[in-house]
Amino acid sequence: MLGLIILASLVVLVPLLIVIWYVVSQGVSALNGDFFTKDLGGPTRAQFGQPTGMAQAIAGTFFIDLTALLMAVPVGIGAGLMLAEYKEHPLNPLLRVMNDTLNGMPAILKGLLIFTLVVRPTGTFSGFAGALALGVVMLPIIARATEGALSLVPWSIREAGLALGLPRWRVILAAVLPVARPGLVTGVLIAFARAAGEAAPLLLTSLGNNFLPRNPWNPLEYLTKAADTLPQRLYALAVSPYKQWHAMGWAAGIVLLALVIVVFFVGRLLTRKAH
């Protein structure tokens, strides 16, 4: 049985290691100081070998993904609480169907939804529209993970709180949620990792931008105008005719992998400290 477990682990890990090795081998040559400090610019830079970078995509990814996370986490956890703790509520069947439907919907349709509701009425692509699209991607994952984490909390904890005379909402906030914290953190991390690699909904909402804004440290510069992110820029570079841009696309993949790994590591570290 130990041998079978090791074999099963290798079956899972080997393809992942092959993907990581190939991405790193193809893109490591493009990782330099210019990659993190300069924007991509126009095609003439690639034609004449001028220094280019992905600073606009890295900054856009940070601000857009963070905004999406801030919007999706409260709503997703609230929906999960509703499904797990108030099963008798008459809205729960409808909420469950809507959550399952949203979870199974292709990401590009979520981008099309935000395009119809936000981009067309405002008449402009924006990083905020992209954050809304990614928030919709995260929402059902967080809700489902929250429901699963809360369902594992023993009912005796709830009964103990209610026996002390505490209201139901106080028992949930003070006793149930702290116990379910590791599951909640895991669900949020999985949702973030899923959304961080999505390019399709961003093509319809934030569109992309080859240049850094005048004030690259101002989040509004990315959220109110067309903004770039690593996944959509990776896609654009992959179909470009310039070899230099191909290598930069692979380098963008390295940065995305590193981002997801760091987020998971920090999340696990915080969860351990909480215990």
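**Reading the model**

Me: How much of the protein counts as buried?

Reply: Buried means under 20% relative accessible area, exposed over 50%, and partly exposed in between, with a 1.4 Å probe and protein chains only. Of the 275 residues of the protein, 40% count as buried. This is a predicted model, in which local features need pLDDT of at least 70, side-chain atom pairs count only at pLDDT 80 or more, and totals for chains, interfaces and linings use all residues. Residues are numbered from 1 along each chain as its sequence is written, and side-chain values use heavy atoms, with hydrogens and water left out.

Me: How many helices and strands does the protein have?

Reply: Helices (H or I, at least four residues) and strands (E, at least two) are DSSP runs, numbered from the N terminus. The protein has 14 helices and 0 strands.

Me: Which residues does Glu147 contact, beyond its neighbours within four places in sequence?

Reply: Contact means heavy atoms within 4.5 Å. With those neighbours left aside, Glu147 touches Gly80, Leu83, Ala84 and Arg96. Glu147 sits in helix α7, residues 127-151.

Me: Is Glu147 buried or exposed?

Reply: Glu147 counts as buried, because its relative accessibility is 13%.

Me: What is the volume of the largest pocket?

Reply: On a 1 Å grid over the protein atoms alone, a pocket is an open set of points with protein on both sides within 12 Å along at least five of seven lines, and lining residues have an atom within 4 Å of a point. Grid points are joined across faces, edges and corners, and a volume is the space filled by probe spheres set on the points. Here the largest pocket has a volume of about 320 Å³.

Me: Which residues lie nearest the centre of the largest pocket?

Reply: They are Phe62, Asp65, Phe192, Leu259 and Val263, from a lining of 13 residues. Helices α4 (55-85), α10 (181-196) and α14 (243-274) each give at least two residues to the lining of this pocket. The largest share, 6 residues, is from α4.

Me: What is the phi of Leu207?

Reply: Most residues other than glycine have a negative phi. Leu207 has a phi near 70°, a positive value in a residue other than glycine. Leu207 lies in the loop between α11 (200-203) and α12 (219-223).

Me: How exposed is Leu207?

Reply: Leu207 has a relative accessible area of 42%, so Leu207 is partly exposed.

Methods. 1 Å grid on protein atoms, 1.4 Å probe; cavity = no way out; pocket = protein on both sides within 12 Å on 5 of 7 lines; lining within 4 Å.
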